[in-house]
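Open the model in your viewer and keep the selection panel at hand. Each stop below says what to select and what is there.

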Amino acid sequence: MLDVEKPITVTGNAPLPPQRREQLLDAAVRYTEERHWDVFPGSWLEAVDGHERCCCGDAHCALPGAHALRPDWAGQATGSGAAARRMWSKQPGSSILLPTGRSFDVIDVPESAGFLALARMERMELTLGPATCTPDRRMLFFVSPGAAAKVPDLVMHLGWNAASIDLVARGEGHYVAAPPTRVGGRGAVQWARRPTTANRWLPEAEELVSPLAYACAREAADARTRPA
């Protein structure tokens with residue numbers, strides 16, 4: 001079951017609630033110490049005239065409070081719990097961003113297709129890693145590094161084009177937002193499958209791509225037949 005967070009009501013220039021600050025800092029440290037994942041702090045939300053705005057100042061920010069602020073973000077990422085604690089202590093509201101292509105890649109699919117595939121993979125008793133749901137209704141499956149380079153060809157061999165069925169693999173040079181990062185007023189990134197000791201070893205892309213591609217293709221076909 002997902003941990004659904006209650007929306008935060010912002011009035012005036014209200015500071016980030018202490019509990020929220022602690023959640024972000026503790027989660028960032030846990031990812032480094034328990035999972036050995038690199039993390040880096042991204043943008044954060046600020047209260048402006050009763051609304052949450054991204055600290056980047058762009059009123060039309062696509063990912064308010066959930067994107068990198070520096071072009072050299074890859075060099076800023078750390079796998080040290082102590083370094084993560086220092087970073088989030090300086091700016092406790094910073095989003096938690098995880099670089100892909102290091103400890104893991106992700107396969108990014110529409111949420112509806114992701115849940116369909118997840119149910120099928122659980123019935124098949126496949127080895128699964130963590131998975132997140134994002135506020136823009138995407139599901140991200142964590143897989144072993146190197147998946148991004150292989151997924152397009154794997155999907156093509158199954159008879160589909162990854163782009164046409166909205167299946168995206170993210171590896172080196174990309175990053176993802178980790179729970180409990182909030183994306184503006186849309187909500188928080190949440191775990192669909194939490195990181196546990198049981199899923200410490202991530203599956204290879206080859207193990208998951210067939211059910212994921214099938215679910216994405218089915219979702220794409222259904223979308224084409226829906227009334228406009």
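Helices (H or I, at least four residues) and strands (E, at least two) are DSSP runs, numbered from the N terminus. Two strands count as paired if DSSP finds at least two bridges between them. Pick Leu98 next; its bridge partner in β9 is Val176.

Before moving on, note that this is a predicted model: local features need pLDDT of at least 70, side-chain atom pairs count only at pLDDT 80 or more, and totals for chains, interfaces and linings use all residues. Residues are numbered from 1 along each chain as its sequence is written, and side-chain values use heavy atoms, with hydrogens and water left out.

Select His36, in the loop between α1 and β1. His36 is not a glycine, yet its phi is positive, about 60°. Most residues other than glycine have a negative phi, and most peptide bonds are trans.

Now show the side chains of Asp38 and Arg102. They meet in a salt bridge, 2.7 Å from N to O. Asp38 lies in the loop between α1 (18–35) and β1, and Arg102 in the loop between β4 and β5 (105–110), so the pair ties together parts that are 64 residues apart in sequence. A salt bridge here is a side-chain nitrogen of Lys or Arg within 4 Å of a carboxyl oxygen of Asp or Glu. By this rule the count comes to nine salt bridges.

Go to Pro180, in the loop between β9 and β10. A cis peptide bond joins Pro179 and Pro180, with omega about 5°.

**The hairpin**

Select residues 45–48 and 51–54. These are β2 and β3, paired in the antiparallel sense over four bridges. Ala47 has Glu52 of β3 as its bridge partner. Two residues lie between the strands of this hairpin, and Asp49 takes a positive phi near 55°.

**The five-stranded sheet**

Select β8, β5, β7, β6 and β10. In that order the five strands form an open sheet, and the pairing is antiparallel. β8 (168–170) and β10 (190–193) stand at the edges with a single partner strand each, so one side of each is left without a neighbour in the sheet. From one strand to the next the twist averages 30°. Axes are lines fitted to C-alpha atoms, for helices over the stretch in contact; angles run from 0 to 180 degrees between N-to-C directions.

Zoom in on β5 and β8. Three bridges pair them in the antiparallel sense. Ile107 has Ala169 of β8 as its bridge partner.

Now bring in the helices. α5 packs on the sheet and touches β5, β7 and β8; its direction makes about 160° with that of β8. α4 lies across β5, β6 (131–133), β7 (138–143) and β10, running at about 45° to β7. Contact means heavy atoms within 4.5 Å.

The contact on α4 includes Leu116, Arg120 and Met121, and on α6 it includes Leu212, Tyr214 and Glu219. Its residues divide into ten nonpolar, one polar and three charged. Ala, Val, Leu, Ile, Met, Phe, Trp, Tyr, Cys and Pro count as nonpolar, Asp, Glu, Lys and Arg as charged, and the others, Gly among them, as polar.

α5 and α6 pack at about 45°, with their axes 10 Å apart. The two helices are therefore oblique to each other. Show the contact residues: Ala147, Lys150, Val151, Leu154 and Val155 of α5, with Ala205, Glu206 and Val209 of α6. They divide into six nonpolar, no polar and two charged.

Terms used: Parallel < 35°, antiparallel > 145°, perpendicular 65-115°, else oblique.
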